[in-house]
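Work through the exercises below with the sequence and the structure side by side. Try each task before reading its solution.

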Amino acid sequence: MERANRALGRLDGISTLLPDRDLFLYLYVRKEALLSSQIEGTQSSLSELLLFEDDRAPSIPTDDVREVSNYVAALNHGLARLQDGLPLSLRLIREIHSVLLREGRGADKTPGEFRRSQVWLGGSRPGKAQFVPPPQLMR
């Protein structure tokens, strides 16, 4: 906890040197969304995402760009709900998940609900996966 607090203090200090902190955060959130969505196999660039979000630019509604845009919307939704006073909770996680999967891949896989089947990473099934975490008790 102490190391995390020190790191936050350093980040807060450095942020005062930025010419435009809001622009930095805006771009950082989008870069994180791009990297996070790549884990799921999306192929999108920062410039494609920025053009997609710009109402004045011609729309490039590819499925991958829309999915990255959903990551941004889900993060913004979660932050807004926390600022409104909703505690970090299973309810909030389900809300964020619902926003994340509102369109595109996964929209038909119970957005806003917890998975009821085994999770695995890398491979077409658990027997061929690179990593299979221990199963959790289903709720």
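This is a predicted model: local features need pLDDT of at least 70, side-chain atom pairs count only at pLDDT 80 or more; totals for chains, interfaces and linings use all residues.

**Exercise 1.** Determine whether Arg-30 is buried or exposed, and find what surrounds it.

*Solution.* 
1. Locate the residue: Arg-30 belongs to helix H2, residues 21-39.
2. Apply the cut-off: buried means under 20% relative accessible area. Arg-30 has 8% relative accessibility, so it counts as buried.
3. List the contacts, leaving aside neighbours within four places in sequence: Arg-30 touches Leu-46, Leu-49, Leu-50, Glu-53, Val-72 and Asn-76.

**Exercise 2.** Work out how the buried residues of H2 are arranged around its axis.

*Solution.* 
1. Collect the buried residues of H2: Val-29, Arg-30, Ala-33, Leu-34 and Ser-37.
2. Look down the axis: the buried residues fall within an arc of 135°, so they line one face of H2.
3. Recall the helix geometry: an α-helix has 3.6 residues a turn, so residues three or four places apart point the same way.
4. Check the other side of H2: Tyr-28 and Ile-39 are exposed there.
5. Find the cover: H3 and H4 are among what covers the buried residues of H2.

**Exercise 3.** Identify which elements build the largest nonpolar core.

*Solution.* 
1. Count the members: this core has 9 residues, including Val-29, Leu-49 and Val-72.
2. Assign them: H2, helix H3 (46-53) and helix H4 (63-83) each give two or more residues.

Key: Residues are numbered from 1 along each chain as its sequence is written. Side-chain values use heavy atoms; hydrogens and water are left out. Helices (H or I, at least four residues) and strands (E, at least two) are DSSP runs, numbered from the N terminus. Buried means under 20% relative accessible area, exposed over 50%, partly exposed in between (1.4 Å probe, protein chains only). Contact means heavy atoms within 4.5 Å. A nonpolar core is a set of buried Ala, Val, Leu, Ile, Met, Phe, Trp, Tyr and Cys residues joined through side-chain atoms within 4.5 Å. The arc is that of the directions from the helix axis to the C-beta atoms.
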